[in-house]
Amino acid sequence: MGYNGRKVWEVVTMATETPNRPWLITHARLATLGDDPGLIEDGALLVQGAHIAAVGTSTELTTRYPAPERWDAAGQLVLPASTCAHTHFYGAFARGMAIPGEPAANLPQILERLWWRLDKALTLEDVRYSALVCLVDAIHHGTTTLIDHHASPTSIEGSLDVIAGAVQEAGLRASLCYEVTDRDGPERARAGIAENVRFAQSLTSNLRPPISNLQPPISNLQSPISASFGLHASLTLSDETLADCVASAGEVGLGFHIHVAEDQADQEDSLSKSGQRVVHRLHDAGILGPRTVAAHCVHVDEPEIALLAETGTWVTHQPRSNMNNGVGVAPVEAMLRAGVNVALGNDGFSNQMFAEMKAAYLVHKLWQRDPRAMPGDVVMRLAYAHNARLARVFWPDLRLGELCEGAAADLVFLDYAPTTPLTAGNLPWHLLFGLEASAITATVCAGRVLMRDRRLLTLDEEGITARSRELAAAVWDRVSRGTVV
Ligand SMILES: [Zn+2]
């Protein structure tokens, strides 16, 4: 690829130490995406602070801006970085963990035998390293904005601060919440509510105006950390707890992040508890709305889809997780036709959103036995335009998912030499059929270079890997001995 190492290092130093000095990326193949997607051959981007200040050809921008330091992309494809609409940093230590007993036969058993044992074994240090493992993975795969849903029932208080600290060390951006549930009794349900409230209040009190008029106002006011109010799922929440959550979330001005109808069991539970299906039960409780994220919605019927659309509630789609748990396939196209806001998450799978896009592209075709189902451009729209719109729920001034003046300088560099013509129009199919994770060489978040030449610049990957392996072994031991309650 022929990088100019010296210049890249200068850019890295400059972007981390003097964040407002402009710098220029040249000789990139730029896929701009956005409303009027273009592919600029030999393109250039001017980055200033956290934002893209100009987009054009290398000739245009080097003439207009002769002074800034340059990063020669040497013909790499540069795309907006990815956003993940629903994930679980706390699940990283599950990789390769043996679950004693008979294999789980359905989602409730998977929850009881795996996730509700693992999450109770997590100390605050485990929470930190589990998050760091996911953040390393996110940087490696060009995913810079993540919407997380956290659980650590024996280490609730302060857990969101620990995760926020890790996200800030990484240089990424995340919206965090703690999942409230009745599954561990009223005391832990109350502690979960308190953690959401405490964390939201701490973010508000940390907001400071810019210290100088010379600083760009948006980037300085724009904290990389945001919050929502976490709820596990209808099937582990009583009416009383839901009411407490609605009252508490209202006090701190948060929307909700909750699993909805991931499995038929959620519907059966809701019908027996309330005589209503899940979406209607949650609506009556005051949970739905344009600032609420409903993960999965696999088992929703037409009236529920209509209600999700009417309330402007966000639905996230996680096809890899749905396949893994054998729960079914969400009616994404029906939801889109009805006007539901649908975004793409990963539910704790790898933060390589290209892999999630591939799964979404394939599974609907198989499920419907129709190769016309879920076309590539629709998958692309979910992953970029919709995820970017969802991110504005948490960061109202942020423009992600496109390369244009004023958008966030969140970028991913891909060493991808197309063997067939590549255009703005056929880009989705190049991503779905041509691109592999190994092509990703560099990641930039809010104008800061987090990885170059596949090497992380903000996190000590080797140290994190070694410590997480030790901690995960101890967590597995506590889980297998049943010493956590
Ligand atoms: Zn989930």
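Me: Which residues do ring pairs link into a cluster?
Reply: Trp 23, Trp 71 and Phe 413. Rings of Phe, Tyr and Trp (its six-membered ring) pair when their centres lie within 6.5 Å; planes under 30 degrees apart are stacked, over 60 edge-to-face, and the rest tilted. This is a predicted model, where local features need pLDDT of at least 70 and side-chain atom pairs count only at pLDDT 80 or more, while totals for chains, interfaces and linings use all residues. Residues are numbered from 1 along each chain as its sequence is written, and side-chain values use heavy atoms, leaving out hydrogens and water.

Me: How many aromatic pairs does that rule give?
Reply: Six. One of them, Trp 71 with Phe 413, is stacked, at 4.5 Å centre to centre with 15 degrees between the planes.

Me: Where do those two sit in the chain?
Reply: Trp 71 is in strand E4 (residues 69–72) and Phe 413 in strand E15 (residues 411–414), 342 residues apart. Strands (E, at least two residues) and helices (H or I, at least four) are DSSP runs numbered from the N terminus.

Me: Trp 71 and Phe 413: buried or exposed?
Reply: Both are buried. Buried is under 20% relative accessible area, exposed over 50%, partly exposed in between (1.4 Å probe, protein chains only).

Me: Why is the pair of Tyr 90 and Trp 115 edge-to-face?
Reply: Because the planes are at 85 degrees, with the ring centres 6.3 Å apart. Tyr 90 counts as buried at 7% relative accessibility, and Trp 115 as partly exposed at 23%.

Me: Now the helices. How do the axes of H4 and H5 cross?
Reply: The axes of H4 (residues 124–140) and H5 (residues 159–170) come within 9 Å and cross at roughly 30 degrees. Axes are lines fitted to C-alpha atoms over the stretch in contact, with angles from 0 to 180 degrees between N-to-C directions.

Me: What classes of residue make up the contact?
Reply: The contact of H4 with H5 has 11 nonpolar, one polar and two charged residues. Ala, Val, Leu, Ile, Met, Phe, Trp, Tyr, Cys and Pro count as nonpolar, Asp, Glu, Lys and Arg as charged, and the others, Gly among them, as polar. Contact means heavy atoms within 4.5 Å. Leu 132 and Leu 135 are among the H4 residues involved, and Val 162 and Ile 163 among those of H5.

Me: Last one: what does Phe 394 touch?
Reply: Ile 147, Ser 175, Ser 226, Ala 227, Ser 228 and Val 293, not counting residues up to four places away in sequence. Phe 394 is in helix H15 (residues 376–394) and counts as buried at 8% relative accessibility.
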